[in-house]
Structure formats: C-alpha cells, structure tokens
Amino acid sequence: MHPGVLHRRFLNDLSTSLFSFVLPLLPTSEELNVKEEVRGLIEKLIKTLEPSARLLSFGSSCNSFGLRNSDMDLVVLIDDPNATIEPGNFVESMASLLERETNFNVKPLPRARIPILKLELAPSPALPFGIACDIGIENRLAIENTRLLLTYATIDPARVRTLVLFLKVWSKRRRINSPYRGTLSSYGFTLMVLYYLVHVKQPPVLPNLQRIMPMRPMEEEEVMLEGRNVYFFDDVETLRREWSSVNFESVGELLIDFFRFFSHDFQFNNSVLSLRAGQLTKESKGWVNDIDVGGLNEMARDRNRLCIEDPFEITYNVARTVTKDGLYTIRGEFMRATRILTQRPDRAVLALAELCR
Ligand code: GTP
Ligand code: MG
C-alpha cells in the first residue's frame, strides 16, 4: 500500500485510539457526586466559623481536565468585606474544627507562603482511592484561571480535552509531572497545549480569549482582581455562534505535531510561552537564566529554564519549578514521543501504550 495511505490510516487510527484511551480514565459520576457532597459538608462546617464564607472548587475538578481519582482543589472565599481574616489563623481554626467534626486526616500548613489545609479521607467503596484535598484561602485568581481553561475546553471539547487529558496521563506515567521534583505541574502542561493551539498552529485551533473584545461597549475590557487584569472573553454562546476554526486537523495529527514542535522548534533557551501574548523573549520579561544570583544557591539560577507565563499573574513563571535536569528530561520525553509516533506507524493503540509505559 502507498505510504501516504498507510500514514492517513495511522492518523485516523491514532485519533480513535486517543478517544478510547482517555474515556475510561474520566471520573465516574459517582466519584463526582461524592466529591460534591464532601465539598458541601465542609462548606457547612466552615460557615460556623465565618457565615459569609463559601467553599469553591477549582483546578481539574471543574476545568473539565479532571482524571479519575484526582485531588480536589478547594478555596475559601469570604464575602463579608468587614470580616477580618488572616489566612494562617483561619487555616488553624479550620483544622481544629474539621479534626473535631469529621473523619478526615487533617494537616494544616498555616505558615506556608500560601497557607493551606491538607485533608485526606481513607478509601471507601464509593471512593476506592479515598480523597486528597487542599483548601486555600481567598485565592480568587485560581478561580479565574480555572474558568479560562474551562472556556477554552468548551470551544472544541473533542480536540482540546482529549489532547490535555492525554498529555496529563502521559506526563504522569513518564514522571515528568512533579513540580516538587524539578518537573512541571499539570497546570503548566495544560498551558503548553493551549499555547500551541492558539499561537503555534496555523490556522489556529482556538482563538485568543484574552484578546477578543466584547461587541458591547468596552467597559468589560479590563476586569481587575488583586491588581491583575483578569479579563477574557467568556461568552460561550457568542463564541459558538460566531467563531469557528478553519483548522480541521485531527486530534492525532495535532498530538504528533505538538510533540514535534516542542522537540525541535521551540527555543527553550530564550523564549517564553505566553498564552496571553504568544511567544515572548526571556530578556523582555527579565527572566534570564544567568542573572547574577550573588551567592544564592543553584535553585535560584534554575528558576527560568522553562518559562511559561501565567495568563493573569504575568510576572509569575508557572514553570519555575523546572530545573536544568527536569527540562532535559521533559525535552527527552518530547523527542521520545515524536519518535514513537512517527516511526511506529502500524497500530496506534500499541504506539500509545508504549508512549505511556
Ligand atoms: P491534577 O491535579 O494533576 O489533576 O491537575 P490540575 O488541573 O488540578 O492542575 P494543578 O493541580 O497543577 O493545578 C490546579 C489549579 O491550581 C490550576 O487550575 C490553577 O488554577 C492553580 N495553579 C496551579 N499551579 C499554579 C501556578 O503555578 N500558578 C497559579 N497562578 N495557579 C496555579
Ligand atoms: Mg489538582
């Protein structure tokens, strides 16, 4: 058979295999229900400490990029402007309350840079892996970036969700999704995929939501939160009606090209990935590797190996956890993935299995 035909067939096969790969890894409705019950229960308890407090989910439990048995990310928002609450103290009060009233294993980190409370619930029939959950205080930017990710997913769920979910599984199986061990968070990988779909692919698969302006008067253009512009175009109905991509590549093609782009084309040494603004230089952001760290340790110098600008906290490098070795490993994995997907064009299922081994 002609190599072109074989290749076509492999790509079709790869897309179908990606959907079937991801599907059984999605959370069950039972899991989602239990998690929502747990959230409601904790919220009720927290309201006894501060009646104006609400407890919201963010991260993968509500950006549509959640995998089965993933952690729960929760945040307490205090609505009463007169309530004077110091996050560290509030974490301590929540900890003693939840220790008294629930079966959770409770671990407060009130003096961390961002004070949080860690909770763990032992496994049960409905939740064979238990629940692990982090509760933060007043982190409203996380709610906004969760909404941004969800809106991107909603525009083209079949391609966007499949790509992100697959990359999350792949990065976990290949052990390059450990910010504490020098590699990249799920949030970082997700921003890489969205950057690629908005700024690298021509024609783009997704519009830049932080650049589309409302048809109505310009009042919404800047929405400030904690000194950051958190505006993005979130009118999904209008987007569905008036925006459609003229890029018709399949999810399999996009995946291969994603790996190829980050193996060969992206200039890790001097470029910054910005979902908001496209490719920027490290120099223009002041994120250079060899800043004079004046006797500080290696970690400080390692801060800007991989640079991913947060969509709203634009002075913040989401990939600051990635060390020199970490980046070397991540790039090696992109190359390995490219190799497997381009040199093994027989059965796509087998290629995916090998990719995630
Ligand atoms: P899994 O837990 O691996 O399923 O992925 P996740 O989608 O929950 O991602 P992750 O745990 O990495 O991050 C959860 C949420 O925390 C993200 O959706 C962001 O809202 C927020 N977050 C995580 N890391 C950062 C960061 O470095 N900067 C900022 N501003 N927010 C972050
Ligand atoms: Mg999470």
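Select residues 140-155, helix α4, together with residues 186-200, helix α6: their axes come within 12 Å and cross at roughly 45°. The model is a predicted one. Angles from 65 to 115 degrees would count as roughly perpendicular and those under 35 as roughly parallel, so α4 and α6 are oblique to each other. Turn the view to look through one helix at the other; the crossing of α4 and α6 is left-handed.

Next, show the side chains where the two helices touch. On α4, pick Asn 145, Leu 149 and Tyr 152. On α6, pick Tyr 187, Thr 190, Leu 191, Leu 194 and Val 198. Colour this set by residue class: six residues of the contact are nonpolar, two are polar and none is charged.

Now move to the loop between α5 (157-173) and α6, and select Thr 183. Is Thr 183 buried or exposed? Its relative accessibility is 5%, and the limit for buried is under 20%, so Thr 183 counts as buried.

Display the polar atoms around the side chain of Thr 183. One of its polar atoms lies 2.8 Å from the backbone nitrogen of Ser 178. The backbone oxygen of Ile 176 is also there, 3.2 Å from a polar atom of the Thr 183 side chain.

How values were computed
Residues are numbered from 1 along each chain as its sequence is written. Chains are lettered from A and ligands numbered from 1 in the order in which they are written. This is a predicted model: local features need pLDDT of at least 70, side-chain atom pairs count only at pLDDT 80 or more; totals for chains, interfaces and linings use all residues. Side-chain values use heavy atoms; hydrogens and water are left out. Axes are lines fitted to C-alpha atoms, for helices over the stretch in contact, and angles run from 0 to 180 degrees between N-to-C directions. Helices (H or I, at least four residues) and strands (E, at least two) are DSSP runs, numbered from the N terminus. Angles under 35 degrees count as roughly parallel, over 145 as roughly antiparallel, 65 to 115 as roughly perpendicular and the rest as oblique. A crossing is left-handed if the near helix is turned anticlockwise from the far one by less than a right angle, and right-handed if clockwise. Contact means heavy atoms within 4.5 Å. Ala, Val, Leu, Ile, Met, Phe, Trp, Tyr, Cys and Pro count as nonpolar, Asp, Glu, Lys and Arg as charged, and the others, Gly among them, as polar. Buried means under 20% relative accessible area, exposed over 50%, partly exposed in between (1.4 Å probe, protein chains only). A polar contact is a pair of N or O atoms within 3.5 Å; within protein, one must be able to donate a hydrogen and the other to accept it, and residues adjacent in sequence count only if both atoms are side-chain atoms.
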